[in-house]
Amino acid sequence: MAKTVTRRDLLAGAAGTIGAAALAPVGGRALAQGRDTTKLPGAPASALGARSPHEPLVRGAVRGAASRTPLQDLHGIITPSDVHFERHHAGIPAVDPADYRLLIHGLVERPTVLTLADLKRFPATSRICFLECSGNYPQEAGPETKPENVCGMTSTTEWTGVSLATLFREVGARPDATWFLAEGQDAAVMTRSVPMEKAWDDALIAYAQNGEALRPAQGYPARLLLPGWEGNSNVKWLRRLELGDRPFMTREETSKYTDPLADGTARQFSFVFDARSIITSPAYPDVVEPGWIEIRGIAWSGRGTIVQVDVSTDGGRTWQAARLQEPVLRQAHTRFRHLWRWDGGPAEIMSRATDDSGYVQPTRAALRATRGRRARRYHLNPITAWRVERGGRVVYREEPPWDA
Amino acid sequence: MGRLTPCRTLAAALPVAVLLAGGAGPEGAGRVAAQEPEAGQAPASPERFGFGRAATEAEIAAWNIDVRPDGEGLPAGEGTAASGAPIYARECASCHGAAGEGGVADPLVGYEPESTPPFGPRYEAWRGAGDDVRFTVGNYWPYATTLYDYILRAMPSDAPGTLQPDEVYGLVAWILAENGIIARDAVLDAATLPAVEMPARDIFVPQER
Ligand code: HEC
């Protein structure tokens, strides 16, 4: 059969005889190995942009109820939506936007039902912030643990929606309302109580993320967004807000997401994340060479803005201030960079964040002292270290078992 | 706010001097305004936008399933450990264990009066070198009403939201009786359930924000 060459073949750069001829180097040895992309038009514009086949951004460690952001593969502060971490309590519901209703009732003058279109008619607002799972701490971590498995349940994206204060003014929130219950329409019918101050401050009902409609795994069509507050309270697939005069004491704020302390009390409503940071490069599974290395990582705080990140390359004996990459945003991942000249000997590298409240990221030992032996792996933010072995292999510095 | 800016591509094509001068550019480039916006240009937010519609009593009742510590939200109905036992065996034991000892899902039973809560100095002294006890309804839940709320909304996890009030009261009674917190013949209803005193009632302290 005679091969007809269509314009499409040419555009797509299909490797046929024509392609091969066009790819042959003209005169001399080309600097670039492999295919010469300057000798054949490239692929046509695409309906939907795709990642380079050489850069598959994949999430390791996907369990049924959770998946993590591959922090070690990201460069800036924005997390692509499709690798934003996920944690679900009863799966991802398929919500038809036409059926979607948000009910607001309780201590309000006007109990109200809003459709998705109604939500979008209100003045919109956007903000970039991190969202982190309350339980962002490794269960078991050996030397071969990547950053995503240390603390990959944090992601930073831009969220757009309507400010909760706008909605609460609209329905006439009564002055005696001090807490509201947020309820999702997943099969867990997830519920959390949230203080009204957060609504008046900066809470959003978000219907968009990184410029597009929310993805189902992020609460489509609308979710609660509480900047800087523990992931679980940012109720997804939000269907109901009930205003009340005290917390509702749901299972997720009593049995779970509370912190037993060494002194025998348990901390409840630990909403706000304290400052944390991690070096994401070099880290396992990187192998480095002696010479200049830019140490890179992220730092964030639910209390405010990161003002300093210190880096140690000698196991925490001495520290130097890293450079913070602009923009440095409130309650968002902040990039830090630090130049280091590695001499090829064994080294231990780690980072320590400080936020504008003056809070300094603690060591694991300090956390262990207040949380006690039976801490439940919620709201933990210890300094994380990587060991650089002679030969260049970078591995996670293991911590002793928590309850040892 | 309120300033007109030329469209990006045109702005990029314009000589810097033209932009700085705010002078006339090509047609459609608009005005590079240096003036303050006119007073009153942006209306203040109204008190109400008038979007959405009033919720009906029936709509609220259909979704308003939460149960609070004071008992608000509890429906009519009743149950005992005896009425709950067969329902537990049928609907729950496969995941939580025949005696509530846990399985693929959390344990529901486990209350040692001397060790409650399962952490802290008193617990460590009680435990000595013995095995740890797990966190359960018996030793870590502050409110019995939460058990009603959670079972009704989320359990059994393979068919949530299908239980009737009498069944939920019975299941709550069975779990509490197995934990030794209520008597085996205690009748739970909207009046008696909020009065149940949970062993972990006073251990929780809100975080300062
Ligand atoms: C198919 C398995 C399955 C069945 C059947 C099931 N559960 Fe569960 N249950 C779970 C899972 C999984 C969780 C944890 C869910 C989570 O953390 O989001 C859970 C959690 C619970 C909890 C909270 C435990 C705690 O300490 O926080 C209670 C109480 C509970 N179930 C009661 C019941 C009752 C009562 C039934 C029977 C009506 C039942 N479950 C049937 C899987 C099941």
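**View 1. Strand E17 of chain A and its two antiparallel partners.** In this predicted model, strand E17 (residues 306-312) of chain A pairs with strand E18 (residues 320-321) of chain A in the antiparallel sense, over two bridges. Strand E17 also runs antiparallel to strand E21 (residues 347-355) of chain A, and six bridges join these two strands.

View 2. The loop between helix H7 (364-371) and strand E22 (385-388) of chain A holds A:Arg377. A:His379 is found in the loop between H7 and E22 too. Why are they worth a stop? Most residues other than glycine have a negative phi, and most peptide bonds are trans. Phi of A:Arg377, however, is near 65°, and A:His379 has a positive phi of about 55° although it is not a glycine. A:Arg377 counts as partly exposed, because its C-beta neighbours inside 10 Å number 14.

View 3. In chain A, look for the bond that joins A:Tyr220 and A:Pro221: it is cis, with omega about 5°. A:Pro221 has its place in the loop between strand E10 (212-213) and strand E11 (223-225) of chain A. Now move to chain B, where the peptide bond from B:Thr116 to B:Pro117 is cis, with omega near -5°. You will find B:Pro117 in the loop between H5 and helix H6 (121-127) of chain B.

**View 4. The ligand between chains A and B.** Where does the ligand lie? Its place is between chains A and B. Of the 22 residues around the ligand, those that come nearest are A:Ser255, B:Cys92, B:Cys95, B:Ala105 and B:Pro156. Helix H5 (93-96) and helix H8 (144-154) of chain B are the elements that give two or more residues to this shell. How many residues of the shell are nonpolar, polar and charged? The shell divides into twelve nonpolar, five polar and five charged residues.

**View 5. Where chain A meets chain B.** Here 42 residues of chain A are in contact with 38 residues of chain B. On the side of chain A, the elements that give two or more residues include strand E3 (102-106), helix H3 (116-121) and strand E12 (238-244). Strand E4 (112-114) and strand E14 (266-268) of chain A are also among them. This side of chain A has 19 nonpolar, twelve polar and eleven charged residues. A:Thr112 has B:Ala54 as its bridge partner in strand E1 of chain B.

**View 6. The two domains of chain A.** The domain assignment of chain A gives domain 1 (66-257) and domain 2 (276-396). Their C-alpha centres lie 28 Å apart. The contact takes 25 residues from domain 1 and 23 residues from domain 2. On the side of domain 1 that touches domain 2, strand E5 (124-132), helix H4 (147-151) and strand E6 (154-163) of chain A each give two or more residues. By class, this side of domain 1 has 14 nonpolar, eight polar and three charged residues.

**View 7. Chain B from end to end.** Chain B has nine helices and two strands. From the N terminus on, its elements run α-α-β-α-α-α-α-α-α-α-β. Of the 209 residues of chain B, 32% count as buried. Among the contacts in chain B with a separation of 6 or more, 63% come from residues 24 or more positions apart.

View 8. The mean pLDDT of chain A is 92, and 92% of its residues reach 70 or more. Which stretch calls for care? Over residues 5-25 of chain A, pLDDT stays under 50. Where pLDDT is low, the predicted coordinates should not be read in detail.

Note on methods. Residues are numbered from 1 along each chain as its sequence is written. Chains are lettered from A and ligands numbered from 1 in the order in which they are written. This is a predicted model: local features need pLDDT of at least 70, side-chain atom pairs count only at pLDDT 80 or more; totals for chains, interfaces and linings use all residues. A residue is near a molecule or strand if its C-beta atom, placed from the backbone, lies within 6 Å of it. Helices (H or I, at least four residues) and strands (E, at least two) are DSSP runs, numbered from the N terminus. Ala, Val, Leu, Ile, Met, Phe, Trp, Tyr, Cys and Pro count as nonpolar, Asp, Glu, Lys and Arg as charged, and the others, Gly among them, as polar. Domain bounds come from an automatic or database domain assignment. Two residues are in contact if their C-beta atoms, placed from the backbone, lie within 7 Å. Two strands pair if DSSP finds at least two bridges between them. pLDDT is the predictor's confidence in each residue, from 0 to 100. A residue is buried if 20 or more other C-beta atoms lie within 10 Å of its own, exposed if 12 or fewer, and partly exposed in between; C-beta atoms are placed from the backbone.
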